[in-house]
Amino acid sequence: MSESGGKNAGVVAEQLRAWNANAVSEVIEFHGETTIVVPRELLRITAEYCRAHLQFNFLSDATSVDRFPVEPRFELNYHLVSIPNRTKIRLRTRVSGAEPVVDSVVPVWPGAGWLEREIFDLMGIRFNGHPDLRRILLPDDWEGYPLRKDYPTEGYRDIPATFLPGFKKQ
Amino acid sequence: MVLNMGPQHPSTHGVLRVLLELDGETVVKAVPDLGYLHTGIEKSCEHKTYSQTITLTDRMDYLNPLGNNLVYCLAVEQLLGLEVPKRAQYIRVLMVELQRISSHLVWLGTHAIDMGAMSVFLYCFREREEILKIFERFAGQRMMTSYIRIGGVALEPPAGWREMIGRFLKMMPSRVDDYETLLTQNRIWLARLKNVGKIELEDAIARSMSGPTLRAAGLAYDNRKVFPYSSYEEFDFNVPTRTDSDCYGRYMVRVAEIRESLKIVEQAMAKITDQGPIRTDAPGIIPPEREKMKTEMEALIYHFKIFTEGFSPPPGDAYVAIESPRGELGCYIASDGSPKPLRCHFRAPSFVNLQALPRIIEGQLLADVIACIGTIDIVLGDVDR
């Protein structure tokens with residue numbers, strides 16, 4: 001098992017609190033990883049602070065979780081790496097299903113571009129200030145967001161006749 | 001003029017489509033279009049038990065199935081808090097390093113064929129065949145091995161495995177020398193790759209590039225060294241870097257990595273003992289041995305429960321990143337305490353690295369686009385998942 005957090009990860013939350021007391025709403029430690037929950041409105045400036053002052057220069061991954069029917073149902077996770085300090089943290093923000101909009105972090109890490117497009121494509125979360133927010137893996141005319149929990153695994157299209165209600169075997 | 005390159009173009013290594021706006025022969029603007037291989041693996045994972053997903057991971061990056069198995073298993077193990085026996089960790093290292101060599105060989109061969117060097121392709125595939133034979137002996141499968149399992153590996157190493165890998169290790173260094181004789185100082189090769197597709201280090205970091213592309217830009221960032229997993233801290237190897245950051249630099253880094261991987265394979269062979277566990281002991285999570293299942297009631301119950309209901313990790317999440325042949329391969333799993341993952345996300349290195357393609361090829365000649373796509377080393381199964 002890898003020690004992915006590194007010893008400095010816990011300090012990061014303290015540094016963020018010292019900078020802006022509102023920026024950290026919760027700190028979760030789980031099996032060696034540190035998750036810092038940030039209010040939705042403060043995501044971009046917190047990300048900018050992490051990059052500029054705490055040396056988190058590498059955005060490793062951005063992904064989302066749908067906890068439907070819990071509200072706020074969406075969770076956005078940004079996995080940051082500080083290459084000089086060898087530290088990893090996870091920035092998390094929660095987004096409601098009624099208004100799934102959040103500020104994009106592309107101005108902070110350009111590498112977030114396609115990762116956020118993927119989240120938009122599959123989970124339907126929109127990013128303010130994203131330079132090119134289009135579907136990326138699915139066709140442009142696709143309806144719905146497949147990774148949402150209320151989207152059936154089989155999809156809505158091309159259902160074989162045997163699965164349709166009222167179908168009788170010959 | 002707007003030119004549609006792909007999705008059936010052979011040098012896009014799969015089904016990548018790039019829209020190129022040209023001014024004469026110079027690329028003014030490039031827009032990649034993906035998704036032709038999208039199979040919704042992440043959605044499928046949410047409807048399978050944790051052990052069933054392993055076979056899906058094989059099919060993402062089809063040149064690195066063992067690496068995909070490994071990152072997924074490491075993430076589940078972190079979620080469960082499982083410790084893997086040292087012997088199994090070394091076997092894992094042995095297998096993923098062989099996989100790295102085979103992936104780099106496919107890259108070198110296909111890239112050479114893109115550049116017009118037919119014979120290198122044949123030589124590379126000859127050596128890759130030897131690695132696939134090793135995989136077949138270990139796992140019963142050449143490509144979709146599913147050999148690495150949660151808590152360890154699937155099978156004991158086969159009889160005669162030391163001789164087999166020993167023969168390969170003896171043969172390989174001189175074969176790598178052969179490729180280098182054919183390419184490294186080849187005038188056509190130099191003309192096609194030198195000073196083509198440059199990207200500055202700051203730009204590469206900001207765009208989250210990883211793997212040989214980042215190392216060719218001058219940063220020795222390798223997850224095996226920086227955040228060691230699976231006992232990589234016990235192995236002695238170098239992280240090759242270059243500072244030229246062009247297609248030639250990426251080629252040199254990959255060839256050097258083949259040699260480093262050979263060193264790791266040799267060390268792993270010495271570390272793997274003949275006796276010892278290949279799976280951790282965790283009743284209810286790891287399937288019991290066949291022998292026990294036939295003689296002990298409890299083992300039979302566990303066996304039945306694992307393969308019908310599955311096991312339930314505690315609620316929480318885990319993100320693990322490993323160094324795949326293409327760069328940082330990550331796996332994020334969120335659990336809600338049920339036997340199926342709430343969310344399973346793969347951070348595909350090809351996907352993120354490909355993002356920088358427009359930046360790399362804009363301003364280059366059309367013929368260089370092929371060299372640039374080649375040296376980023378994308379696998380479309382990994383890009384689209």
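**Notebook: chains A and B, predicted model**

I opened with strand β8 (residues 343-347) of chain B. Five of its five residues are buried, so β8(B) is largely enclosed by the rest of the structure. I'm noting here that this is a predicted model.

Next I checked which way the side chains of β8(B) go. B:Arg343, B:His345 and B:Arg347 point one way, B:Cys344 and B:Phe346 point the other way, and all are buried.

Then I looked for the partner of β8(B). Strand β7 (residues 327-335) of chain B runs antiparallel to β8(B), and five bridges join the two. I picked out one pair: B:Gly330 has B:Arg347 of β8(B) as its bridge partner.

**Chain B, the whole chain**

I stepped back for an overview. Chain B holds 17 helices and eight strands. How many of its 385 residues count as buried, as a percentage? I got 52%.

I also wanted to know how chain B compares with a compact globule. For 385 residues such a globule would have a radius of gyration near 21 Å, and chain B comes out at 21 Å, so the two agree. Along the principal axes, the C-alpha atoms fill a box of roughly 75 × 45 × 35 Å.

I looked at contacts along the sequence too. Among contacts in chain B with a separation of 6 or more, 69% are between residues 24 or more positions apart.

Three of them form an open sheet in the order β1-β2-β3 of chain B, with antiparallel pairing. Which strands stand at the edges? They are β1 (2-5) and β3 (26-33) of chain B; each has a single partner strand, so one side of each is left without a neighbour in the sheet. From one strand to the next the twist averages 25 degrees.

I zoomed in on one pairing. β1(B) and strand β2 (residues 17-23) of chain B pair in the antiparallel sense over four bridges.

**Chain B, helices**

I looked up a helix pair. Helix α3 (residues 65-80) of chain B packs on helix α4 (residues 86-114) of chain B at an angle of about 140 degrees, with the axes 8 Å apart. The cut-off for roughly antiparallel is over 145 degrees, and α3(B) and α4(B) are therefore oblique to each other.

I listed who makes the contact. α3(B) brings B:Leu66, B:Gly67 and B:Leu70, while α4(B) brings B:Arg92, B:Met95, B:Val96 and B:Gln99. I sorted these residues as four nonpolar, two polar and one charged.

Helix α16 (residues 366-376) of chain B was next. Nine of its eleven residues are buried, so α16(B) is largely enclosed by the rest of the structure. The buried ones are B:Asp368, B:Val369, B:Ile370, B:Ala371, B:Cys372, B:Ile373, B:Gly374, B:Thr375 and B:Ile376. What follows α16(B)? I found B:Asp377 there, with a positive phi near 60 degrees.

**Where A touches B**

I moved on to the contact of the two chains. Chain A puts in 29 residues and chain B puts in 40 residues. On the side of chain A that touches chain B, β3 (58-66), β4 (74-82) and α3 (112-123) of chain A each supply at least two residues. β3(A) gives the largest share, six residues. By type, the residues on this side of chain A are 14 nonpolar, eleven polar and four charged.

Is it enclosed or open? Nine of the nine residues of β4(A) are buried, so β4(A) is largely enclosed by the rest of the structure. A:Phe74, A:Leu76, A:Tyr78, A:Leu80 and A:Ser82 point one way, and A:Glu75, A:Asn77, A:His79 and A:Val81 point the other way.

I checked both pairings of β4(A). β3(A) and β4(A) run antiparallel, joined by eight bridges, and A:Phe58 stands opposite A:Val81 in β4(A). Strand β5 (residues 87-95) of chain A also runs antiparallel to β4(A), with nine bridges, and A:Ser82 stands opposite A:Thr87 in β5(A).

Last entry: the hairpin of β4(A) and β5(A) has four residues between the strands, and A:Arg86 takes a positive phi near 55 degrees there.

Terms used:
Residues numbered from 1 in each chain as written. Chains lettered and ligands numbered in written order. Predicted model: local features only at pLDDT ≥ 70, side-chain atom pairs only at ≥ 80, totals over all residues. Contact = placed C-beta atoms within 7 Å. Nonpolar A, V, L, I, M, F, W, Y, C, P; charged D, E, K, R; others polar. Pairing = 2+ DSSP bridges. Axes fitted to C-alpha atoms, helices over the stretch in contact; angles between N-to-C directions. Rg over C-alpha atoms; globule rule 2.2 N^0.38 Å. Buried ≥ 20, exposed ≤ 12 C-beta atoms within 10 Å, placed from the backbone. Parallel < 35°, antiparallel > 145°, perpendicular 65-115°, else oblique.
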